[in-house]
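Colleague: I've got a model open and I'd like to learn how to read its packing and pairing. Can you walk me through it?

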Amino acid sequence: MGHRPPRGSQPRPWKTGHTLLAVVLALIATVTVVDVLAPPEVHLGPFLAAAPAVTASFAGPRITACVGAVAVLAQAVVAIVRTSLIDLNHSFQLIALILISVFVTFFAHLRERHEKELLQLRSVAEAAQKVVLRPLPHRVGPLRIASVYLAAEAEAQIGGDLYAAARTAHGTRLLIGDVRGKGLEAVGDAALLLGAFRGAAHRQAGLPALVAYLEGTVSSDLDDPGAAGPGGTPTEAFITAAVLDVPDDVPALDLVNCGHPPPLLLRDGEVLTLEVRRQAPPLGLTEFVGSAFTAETFTFEPGDTLLLYTDGVIEARDQAGDFFPLADRLADCAGRAPQALLSRLRQDLLDHVVAGSLGDDAAMVAVSRSAPAQEIRTQDH
C-alpha cells in the first residue's frame with residue numbers, strides 16, 4: 001500500500017485546469033489590449049506565445065490548439081488595428097505564433113499519450129498487487145492481524161517486500177520477506193515465494209521442512225536458464241525471510257529466520273527482540289552457505305503483540321541521517337490493537353523521513369494473540 005496524500009488535501013484536477021485556462025485567456029486579453037494601446041515602437045505580440053505554451057503543460061492537445069488559435073486571432077486583431085496583416089513585423093509575429101502553437105499542441109499530444117500509458121501501467125500494478133500481495137485476514141483463529149505496505153516510489157503499488165498468512169490444522173503460519181533488487185524482477189521473485197508458501201504451508205508438517213521447500217523453490221528458479229540476466233549472466237537474487245508457526249493452543253511461536261530483521265515482541269510496554277541463536281542464510285544462498293534450517297521457540301502469550309517488518313522500516317533516515325527508532329516507537333504503542341498500532345507506526349515513519357519519502361519499500365505486519373483458542377471456542381458456542 002503506497003503512501004498517498006489524504007483525501008481532500010489536493011485540489012480537484014478539473015477545477016485547477018479551469019482556473020489555469022481562465023488565467024491564460026486573461027493573459028491573451030491583457031496583452032491584446034495593452035498592445036493596441038501601446039506606442040508604435042512597442043510590440044507585445046511575442047508575449048502571446050506564452051499562452052499556448054503554458055496551456056500545453058496542463059491541458060490536452062485540443063484545448064492547447066484552441067488557445068493557440070485564440071492567440072493567433074488576437075495577434076491578427078492587433079495587426080489590423082495598428083497597421084495591417086501584411087505588415088512585415090506583424091506577419092513574422094503571426095507566422096512564429098502559428099508555428100509555436102503547432103509545436104506545443106504536438107507536445108501536448110505526446111504528454112497526454114504518456115499519461116494514458118502511465119495510467120494503464122498503474123492499473124496493471126494495482127491488479128498485480130491484488131493477485132500477488134493479497135490482503136491479510138483481520139482475524140485468524142486466536143490471532144488478530146493487520147498489515148501495511150509503503151512503496152518507496154510515489155507511483156508504485158508493489159515491490160519486492162512481501163507477507164502472507166496461511167491457516168493450518170493446528171495454527172497459523174506467517175511469512176514476511178524482502179527480495180533483493182527492485183522492479184518487475186523483484187515482483188516476480190516475490191510472487192514465486194508467495195505462491196510456494198501458500199501452496200505448501202498446510203502440507204509441510206514441520207516448519208524447517210516448509211522453509212527447506214521454499215529454499216528449494218527459490219534456488220531452482222535461480223538455476224533456471226530463463227532467469228539469467230542480460231547476456232546470460234546469472235542473477236544474484238536472494239530473499240531474506242522470516243517464517244513463523246503460531247499454534248492455537250500453545251502460548252508460543254516457532255521461528256526460522258533466513259537473514260531477515262528479527263521480529264519484535266511487545267509485552268506489557270516492553271519490547272523484546274526475537275533473535276535466533278542460529279540464523280539461516282537468505283533463501284537462494286544455501287548453495288553457497290550450507291545450512292540446516294532450525295526452528296526456535298519463543299513465548300507468545302495472550303495480550304502480546306508481534307511486529308514483523310522489512311529493512312525499509314529500520315533503514316529509513318531523517319534529515320540528520322538517523323535511522324528510524326522502531327523499537328522505541330513500538331514501545332509507545334502499548335495497549336493498541338494491531339490496526340491502530342500500525343496506523344501510528346506508519347505515521348511516525350512518514351514523519352521521520354525527509355519529505356515523507358522512503359528510500360526503500362517498507363512493510364509491517366502486526367499480530368496479537370487475543371485469547372487462548374479454548375476460550376474462543378467456548379465463546380463461539
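Colleague: Which residues is Leu 253 in contact with, leaving aside its neighbours within four places in sequence?

Modeller: Contact here means heavy atoms within 4.5 Å. With those neighbours set aside, Leu 253 touches Leu 244, Asp 245, Val 246, Pro 247, Leu 274, Glu 296, Thr 297, Phe 298, Phe 300 and Leu 306. Bear in mind that this is a predicted model, where local features need pLDDT of at least 70, side-chain atom pairs count only at pLDDT 80 or more, and totals for chains, interfaces and linings use all residues. Residues are numbered from 1 along each chain as its sequence is written, and side-chain values use heavy atoms, with hydrogens and water left out.

Colleague: How many residues does the largest nonpolar core have?

Modeller: A nonpolar core is a set of buried Ala, Val, Leu, Ile, Met, Phe, Trp, Tyr and Cys residues joined through side-chain atoms within 4.5 Å. Buried is under 20% relative accessible area, exposed over 50%, partly exposed in between (1.4 Å probe, protein chains only). The largest one has 52 residues, and Phe 197, Leu 253, Leu 283 and Leu 306 have the most contacts inside it. Helix 5 (residues 183-200) is the top contributor to this core, giving seven residues. Another core, of 23 residues, lies apart from it and includes Leu 150 and Val 313.

Colleague: And the elements, which strands pair with strand 2?

Modeller: Helices (H or I, at least four residues) and strands (E, at least two) are DSSP runs, numbered from the N terminus. Two strands pair if DSSP finds at least two bridges between them. Strand 1 (residues 139-140) runs antiparallel to strand 2, with two bridges, and Arg 139 has Arg 144 as its bridge partner. Two residues sit between the strands of that hairpin, where Gly 141 takes a positive phi near 60°. Strand 11 (residues 362-369) also pairs with strand 2 in the antiparallel sense, over eight bridges, with Val 148 opposite Met 364. Seven of the eight residues of strand 2 (residues 143-150) are buried.

Colleague: What covers the buried residues of helix 9?

Modeller: The cover includes strand 2, strand 7 (264-267), strand 10 (305-309), helix 7 (311-314), helix 8 (326-331) and strand 11. Among the buried residues of helix 9 are Leu 341, Leu 345 and Leu 349.

Colleague: Is Gln 75 buried or exposed?

Modeller: Gln 75 counts as buried because its relative accessibility is 1%. This residue belongs to helix 3 (residues 61-82), and its contacts beyond four places in sequence include Gly 45, His 90 and Leu 97.
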